[in-house]
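User: I'd like to learn how to read helix packing and salt bridges in a model. Could you walk me through an example?

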Amino acid sequence: MSNPIAPEPALTRGAQKVLAAASALFYERGIASVGVDAIAERSGVTKRTLYDRFGSKDALALAYLRDRDAAWSARWEERVASSPAPRTLTVFDSYAHDVDPAGFGCAFLNAAAELPPSHTGWTVIREHKKRVADRIGELVAEDLGAQAPEVAEMIFLMLEGAIAHQRVDGDSQRLEDARRLAGALLTGPQ
């Protein structure tokens, strides 16, 4: 996956604690509903440390999205590198295996649902989703031996719908179904 969004530069120990706590809380409860008091309490640092390291809750939310993008992208590429064809299906495995077992779904879709369009996090959300769609296109072309943008778009849309329903349904059944349907598009009915 080319050019993931750069993670935050090397963080101090205190900043790492803040980002880890904020990441867990933002994913579990949503960015908008988590206050800096809760983040400071969970991380064991003062609010002053939080503001000294990140400047604002919005900047911390941006760091959360960047960090999550970099980690998720790296795990997906590891799957791609070690998987047999059709490697496009690894994107379904990445979502199924990398989301919290509690079924909170895609952090980027969740953030998109609650952040105002003017929030700097939207840049990360859009870039992440575009890179996922573009990488699916590359993998579909490899798997089919030819460019097939319509197949790649169908697979991307099935993925997005299934991962959105993971949070709604509280399980990965639709993600498994979408993976099977994508496999049929790539290899024919099995």
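This is a predicted model: local features need pLDDT of at least 70, side-chain atom pairs count only at pLDDT 80 or more; totals for chains, interfaces and linings use all residues.

User: At what angle do α5 and α8 pack, and how far apart are their axes?

Analyst: Start with the angle between the two directions: under 35 degrees counts as roughly parallel. Helix α5 (residues 90–98) and helix α8 (residues 149–169) pack at about 10°, with axes 11 Å apart, and they are therefore roughly parallel to each other. On the α5 side the contact is made by Val91, Phe92 and Tyr95, and on the α8 side by Ile155, Leu159, Glu160, Ile163 and Gln166. Six of these residues are nonpolar, one is polar and one is charged.

User: And how do the axes of α5 and α7 cross?

Analyst: Here the angle is roughly 140°, and the axes come within 10 Å. Angles over 145 degrees would count as roughly antiparallel, so α5 and α7 are oblique to each other. Thr90, Val91 and Tyr95 of α5 meet His128, Lys129, Val132, Ile136 and Leu139 of α7.

User: Which parts does the salt bridge of Asp69 and Arg131 tie together?

Analyst: For any salt bridge, check the distance, then the location of each partner. The side chains of Asp69 and Arg131 meet at 2.5 Å, N to O. Asp69 lies in helix α4 and Arg131 in helix α7, so the pair ties together parts 62 residues apart in sequence. Both residues are buried.

User: How many salt bridges are there in the whole structure?

Analyst: A search finds twelve. Glu77, Arg135 and Glu138 are linked in a network of salt bridges.

Note on methods
Residues are numbered from 1 along each chain as its sequence is written. Side-chain values use heavy atoms; hydrogens and water are left out. Axes are lines fitted to C-alpha atoms, for helices over the stretch in contact, and angles run from 0 to 180 degrees between N-to-C directions. Helices (H or I, at least four residues) and strands (E, at least two) are DSSP runs, numbered from the N terminus. Angles under 35 degrees count as roughly parallel, over 145 as roughly antiparallel, 65 to 115 as roughly perpendicular and the rest as oblique. Contact means heavy atoms within 4.5 Å. Ala, Val, Leu, Ile, Met, Phe, Trp, Tyr, Cys and Pro count as nonpolar, Asp, Glu, Lys and Arg as charged, and the others, Gly among them, as polar. A salt bridge is a side-chain nitrogen of Lys or Arg within 4 Å of a carboxyl oxygen of Asp or Glu. Buried means under 20% relative accessible area, exposed over 50%, partly exposed in between (1.4 Å probe, protein chains only).
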